[in-house]
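Student: I would like to learn how to read a structure such as this one. Could we take one feature at a time?

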Amino acid sequence: MDNQIETALCCLDSISQASVTISDFSDEILLNILRFIPSHDLMLSVSQVCRKLRTLCLDKSLRAHIHLHKEYTANDDAVKQLLKNIYGDIQTLNLSGCYWLAGSTVDQVTRCKSLVSLDLSGCRLTSVRLSHLLTSLRCLRSLALDVGPGFDLHQLSAEGKSALARLQELKQTLLTPSYGVVPCCSTLRHLHLYLEASEGWREAGDRVQLMVGQSSVPHYQNLRWFSARLAPGEVNRTLLALYLAVFSMRVPEGLTGLVLFVPGPAPPRPVAMTALMESMASTVGNTVTALQLPRTWLDGATLGRVLAHGCPEYLNVSRCSSPGFNPLHVLLSAGRDLTPLRSLNMRGCGRGPLAESCGKGEEEMDAESVKALTECSPHLIHLNLSATHYHHALPAGQDGHLCGALGRLNALRSLALPVCALAQSPPAPVNIQDSRSLLLGLKKSSRIGVPTYRPATEVTMVQGEEQQDRGLCIQPLLQGCPHLVELELIGAGFSSAMPRNEPAIRKDPAACPWSYNVGDGELAALGGMKFLRKLTLAHLPGVLKGTGLIELVQGCKDLRSLSLANLGSLKTMNYTQALLEALSYCTQLRDLRLEQPYFNANAAFFEALSHCHQLQRLCLVSRHGTFQTAAVAAFMQSCANVIMCHMFMGGTLVACKTLQKTLLDSFSISHPALSVVIYPLLHEDLANVIRGMPLCHLDEITLFKSRVAEEPMKQ
């Protein structure tokens, strides 16, 4: 044994003395490393380092698929040079979200004659420019684009329309009521619609019908996938109805994916929907892979017919439960194999209104059915159980807690839970006599049921007994799902202070009484999720000083996205010091969203934030919040990677616009992708300002929403 150890030590010594450089790696290892480098840096910089890297950069696996989404340093010159150098090898080009690129840069895509897939979502694209692109790209089979005001299908050339006729996949973001290019796409198999038309069209409802009527009827006969995601507003609901009306003329026979997301009140169920669902369920050998319908369009009979031919991979029944209809019960009682299920969204879907007075119309989680689901669907990857209540009455150490059941899902990568699901005990009863005291207005308000958390470095012995482990109930989840990447803990009933098309909310909703027992101890326990990259914490009134947040980020060293909203008291910011210390550990953080009333974005905050050297996007939302102009400017100067700064706080309109102009004038040249929006949160014109933001930032970070299992998994 001693000889083996000595030999091993000798080998280690010889390795440490050897001179190993990157050129000693095999080509296969180097190619795998190079795939993680942004395409424009790889082809324009890395390829110039040495002859070996230049040779490897000629490999077609690196040149065939160019992905520039979220590559904010890719300016016009770099993209033009990239396309000029490798245009002949590019088969897939993703420029989605590159809103800063000039139209002349987009024109260079015409060089890429071998393009099969092109994503121009968010780019500047006119009818004439699109016509030139399509005329040159004869091999194109997949296209993503935005259709804005002024788009005219008649400006497309005959060659361009022929190219559209060969498309098999189309992703179309409609910024104005229109069919876009759909009427020319006669062989589509996949159609993805994003309806983002402005509410300015509401006053001209008849014009919506007229403009859409100017195009011929779309071609749906070959469709295998149809999805539509709507922004709030009546104009988008009307537009969806016009798209769906085509199904009444001819129902596609092989449709396997139907995903319709309609926020707010659902429009009346189209007559064609019944025939469409029957076709999906009755086609021989046809298994539905993805299904989502508005809440009033889905019932037990419809869901049962779909499940009769197999379980889909993606199922979204968010807020679809109603008296007499529990989607989870239908799923479990269908008698089908549920192992194909990979992504399930049951947000706001429970077994009925909660008996306790937590909030009007709030649902209670059907915990027993969820536990049964974990046994039937062991391969679940994404699961959303938020916007419900889970109150575990038994001691957390006993069997039967929800986290114990979720711990069986070893493949789980993203999870959304209500905050009260982590409460280990019911809220403490309120002393009625004390609450009616005549001196109540003179006394300091007490926080009922909020235990004090002591960090690990402090004394943990109280009266000779060891302090209770506050993270006990979550331990089975930590142990059973060690590779969890995304976690959302959102208080049931939480609403962001900044909705999309409405005035800012001026009053915060009441928190679930059980959530007061979820505080710093539970946050510290989350630090055991070593692979966590995205974390959302919203409406946790039990947080006192925020010390658990420090231990959390110390454990989750690879955290990339952090969203905090309404932690602790809403009358004052009580975890400022802990937040400042926690930020110093977030060295890998890319996105930060912070929503908290009365937040002070002062010099101390931005100095702590400057430790996040990788930060790219920052969003601050604070009712009655304040900011220091000099501190914001100094932060932007020191953090070169920041390309988005959205602040919706207090202050005057003049002060906000002055700071916004200062930042844009100072950094726009060096940061072409810079997006700066600073505006008073309670200003009546906020909705108009929101419409002018890049959709990629608006959807991904600025607007608060639950994102777990929000969309089907990418194939």
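Tutor: Start with confidence, given here as pLDDT (the predictor's confidence in each residue, from 0 to 100). Over residues 457–468 pLDDT stays under 50, and the model has 9 contacts beyond four places in sequence for this stretch; contact means heavy atoms within 4.5 Å. Residues 209–216 also stay under 50, with 12 such contacts. This is a predicted model, in which local features need pLDDT of at least 70 and side-chain atom pairs count only at pLDDT 80 or more, while totals for chains, interfaces and linings use all residues. Residues are numbered from 1 along each chain as its sequence is written, and side-chain values use heavy atoms, with hydrogens and water left out.

Student: What pLDDT does the chain average?

Tutor: The average is 86, and 85% of the residues score at least 70.

Student: How many helices and strands has the chain?

Tutor: There are 26 helices and 26 strands. Both are DSSP runs numbered from the N terminus: helices are H or I, at least four residues, and strands are E, at least two. Of the 715 residues, 51% count as buried; buried means under 20% relative accessible area, exposed over 50%, and partly exposed in between (1.4 Å probe, protein chains only). Among contacts between residues at least 6 apart in sequence, 77% join residues at least 24 apart.

Student: Which are the buried residues of helix 2?

Tutor: The general idea first: an α-helix has 3.6 residues a turn, so residues three or four places apart point the same way. In helix 2 (residues 27–34), Leu-30, Leu-31 and Leu-34 are the buried ones. These residues cover an arc of only 100° around the axis, which puts them on the same side of helix 2; the arc is that of the directions from the helix axis to the C-beta atoms. The buried residues of helix 2 pack against helix 3 (39–44), helix 4 (51–56) and helix 5 (60–63).

Student: How many aromatic pairs does a search of the whole structure find?

Tutor: The search finds 10. A pair of aromatic rings is described by the distance of the centres and the angle of the planes. Rings of Phe, Tyr and Trp (its six-membered ring) pair if their centres lie within 6.5 Å; planes under 30 degrees apart count as stacked, over 60 as edge-to-face and the rest as tilted. Take Phe-226 and Phe-247: their ring centres are 5.3 Å apart and their planes stand at 85°, so this pair is edge-to-face. Phe-226 belongs to strand 7 (residues 225–230) and Phe-247 to the loop between helix 11 (234–244) and strand 8 (257–261), so the pair ties together parts 21 residues apart in sequence. Both Phe-226 and Phe-247 are buried.

Another edge-to-face pair is Phe-599 with Phe-605, at 5.0 Å centre to centre and 85° between the planes.

Student: Which residues touch the most other members of the largest nonpolar core?

Tutor: A nonpolar core is a set of buried Ala, Val, Leu, Ile, Met, Phe, Trp, Tyr and Cys residues joined through side-chain atoms within 4.5 Å. The largest has 204 residues, and Phe-226, Leu-258, Leu-537 and Phe-605 touch the most other members. Another core, of 5 residues, lies apart from it, and includes Ile-490, Phe-494, Ala-538 and Ala-565.

Student: What value has phi of Asn-566?

Tutor: Most residues other than glycine have a negative phi, and most peptide bonds are trans. Asn-566 has a positive phi near 55° and is not a glycine. Asn-566 is in strand 20 and is buried, with a relative accessible area of 2%. His-624 also has a positive phi, of about 65°, without being a glycine. His-624 sits in the loop between strand 23 (617–621) and strand 24 (626–627), and at 45% relative accessibility it counts as partly exposed.

Student: Is Gly-625 buried or exposed?

Tutor: Gly-625 is buried, with a relative accessible area of 2%. Gly-625 lies in the loop between strand 23 and strand 24. Beyond its neighbours within four places in sequence, Gly-625 is in contact with Tyr-598, Phe-599, Met-649, Gly-650 and Gly-651. The C-alpha atoms of Gly-625 and Gly-651 are separated by 7.8 Å, although these residues are 26 apart along the chain.
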